[in-house]
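Try each task before you read its solution.

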Amino acid sequence: MQQAEGAVRLVEEYRGGILENTHDGFIAVVDVDGHLVGSAGNVDAMVFYRSASKPIQALPVLAWGLDKEFGFSDEELAIMASSHRGEPFHVAAVEGILTKIGCREADLCMQPVYPSHAASREAVICQGGPKRRIYHNCSGKHAAMLTMARHLGVPVGEYWRSDHPVQRQILKVISMFTEVPLKEIGIGVDGCGVPVFAVPLRNMALGAMKLACPDRIDDSVFSAAATSLGEIITRLPLYITGTNYICSLVNMDPNLIAKGGARGVYTIGMRKERLGIAFKVRDGSEESWPLLINEIFAQLGYKNEAGHQRMLGLAQPQITNDNDEVVGESRCVFSLGNRE
């Protein structure tokens with residue numbers, strides 16, 4: 001069933017046998033040559049990357065040798081690619097970056113917040129701690145941007161502006177990975193205040209494939225950087241989001257490198273299969289991500305029972321009420337057809 005702007009029905013939610021909610025969207029799967037091998041909906045729909053681009057945006061730090069220049073630990077490099085939830089080990093990693101590059105927390109452009117990780121937020125509040133910029137889920141990405149500014153010898157002030165040298169460099173890396181010309185990349189403002197980039201969904205899948213298959217990156221320096229960062233993310237998945245959060249759970253599978261973004265965007269690279277996956281839930285919801293991931297893998301014939309169970313731990317097909325009674329179900333209703 002076609003929906004607005006080429007979206008198709010991805011998930012249906014039933015309560016008492018009656019259709020209550022639907023989630024429409026787009027899915028693209030590309031092979032190692034960039035050919036579409038599976039799709040649902042309009043794979044050419046322009047989609048904002050949101051935080052799904054963070055591993056790509058962090059690559060200049062490694063490509064330029066800034067890990068050695070500033071002596072970053074693997075934990076600090078991982079947090080640069082993260083949407084962390086403000087757990088103590090996340091905070092320590094961001095603080096470590098800022099100390100090593102000689103920046104202050106006040107140099108981060110976002111507003112102070114409390115940690116989004118429930119136990120960490122409660123601990124801060126109970127101890128009378130203030131909101132902090134460093135608790136923001138994007139502070140690792142911003143610390144990476146400040147690091148690039150330090151290396152380039154440009155002012156750290158206004159690093160968030162689209163015309164800042166750091167943002168111009170990041171735009172070039174997005175273009176390299178997605179193979180979308182610079183002038184054709186859409187630019188908006190992300191929730192954290194920095195530029196956010198829009199590309200066709202199939203090109204987003206291409207970028208995910210290259211993260212999983214760095215040998216497909218033409219630039220040998222960035223290929224080596226992607227190899228190193230991928231290995232770090234695989235070893236330190238809890239730094240990518242946090243305890244019992246979806247991105248960390250998906251990245252526990254050493255065959256995958258994954259990152260989600262706000263408003264329903266998700267990307268996954270598959271190393272052995274040499275595939276890239278990107279999907280967008282059109283209404284911006286994230287609750288159906290675990291079901292979608294399991295169904296996409298099932299249709300691709302990919303089996304990892306431990307990973308399957310981790311996704312079920314986040315979202316069961318059965319809908320329960322507050323009394324733990326099963327009152328309905330969620331069904332994936334798409335088919336990965338339309339191959340090239």
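**Exercise 1. Find the side chain that makes a polar contact with the side chain of glutamate 76, then describe the setting of glutamate 76.**

Step 1. The side chain of lysine 100 makes a polar contact with that of glutamate 76, at 2.8 Å. Here a polar contact is a pair of N or O atoms within 3.5 Å; within protein, one must be able to donate a hydrogen and the other to accept it, and residues adjacent in sequence count only if both atoms are side-chain atoms.

A note before going on: this is a predicted model, where local features need pLDDT of at least 70 and side-chain atom pairs count only at pLDDT 80 or more, while totals for chains, interfaces and linings use all residues. Residues are numbered from 1 along each chain as its sequence is written, and side-chain values use heavy atoms, with hydrogens and water left out.

Step 2. Look next at the backbone: the nitrogen of serine 73 is 2.9 Å from a polar atom of the glutamate 76 side chain.

Step 3. Glutamate 76 sits in helix α3 (residues 74-80); helices (H or I, at least four residues) and strands (E, at least two) are DSSP runs, numbered from the N terminus.

Step 4. Check burial. Glutamate 76 has a relative accessible area of 7%, so it is buried (buried means under 20% relative accessible area, exposed over 50%, partly exposed in between, with a 1.4 Å probe and protein chains only).

Step 5. List the contacts (heavy atoms within 4.5 Å). Not counting residues up to four places away in sequence, glutamate 76 touches Gly71, Ala93, Gly96, Ile97 and Lys100.

**Exercise 2. Which residues touch the most other members of the largest nonpolar core?**

Step 1. Name the residues. The largest nonpolar core has 108 residues, and those touching the most other members are Ile27, Leu98, Tyr266, Ile268, Phe279 and Ile293. Helix α8 (residues 201-212) contributes the most to this core, with seven residues.

Step 2. Zoom in on one of them. Beyond four places in sequence, isoleucine 268 touches Ala208, Leu256, Ile257, Ala258, Leu275, Gly276, Ile277, Ile293 and Phe297.

**Exercise 3. Describe the largest pocket: how much space does it hold, and what lines it?**

Step 1. On a 1 Å grid over the protein atoms alone, a pocket is an open set of points where a 1.4 Å probe fits, with protein on both sides within 12 Å along at least five of seven lines; lining residues have an atom within 4 Å of a point. Grid points are joined across faces, edges and corners, and a volume is the space filled by probe spheres set on the points.

Step 2. Give the volume and lining. The largest pocket holds about 380 Å³ of space. Its lining has 23 residues, with Arg85, Gly261, Ala262, Glu286 and Trp289 nearest the centre.

Step 3. Assign the elements. Those giving two or more residues to the lining are α10 (246-250), β7 (256-261) and α11 (289-300). The largest share, three residues, is from β7.

**Exercise 4. Where are arginine 50 and glutamate 158, which have positive phi values?**

Step 1. Arginine 50, with phi near 45°, is in the loop between β4 (46-48) and α1 (54-63).

Step 2. Glutamate 158, with phi near 60°, is in the loop between α6 (139-152) and α7 (165-178). Glutamate 158 is partly exposed, at 43% relative accessibility.

Conventions: Core = buried A, V, L, I, M, F, W, Y, C linked by side-chain atoms within 4.5 Å.
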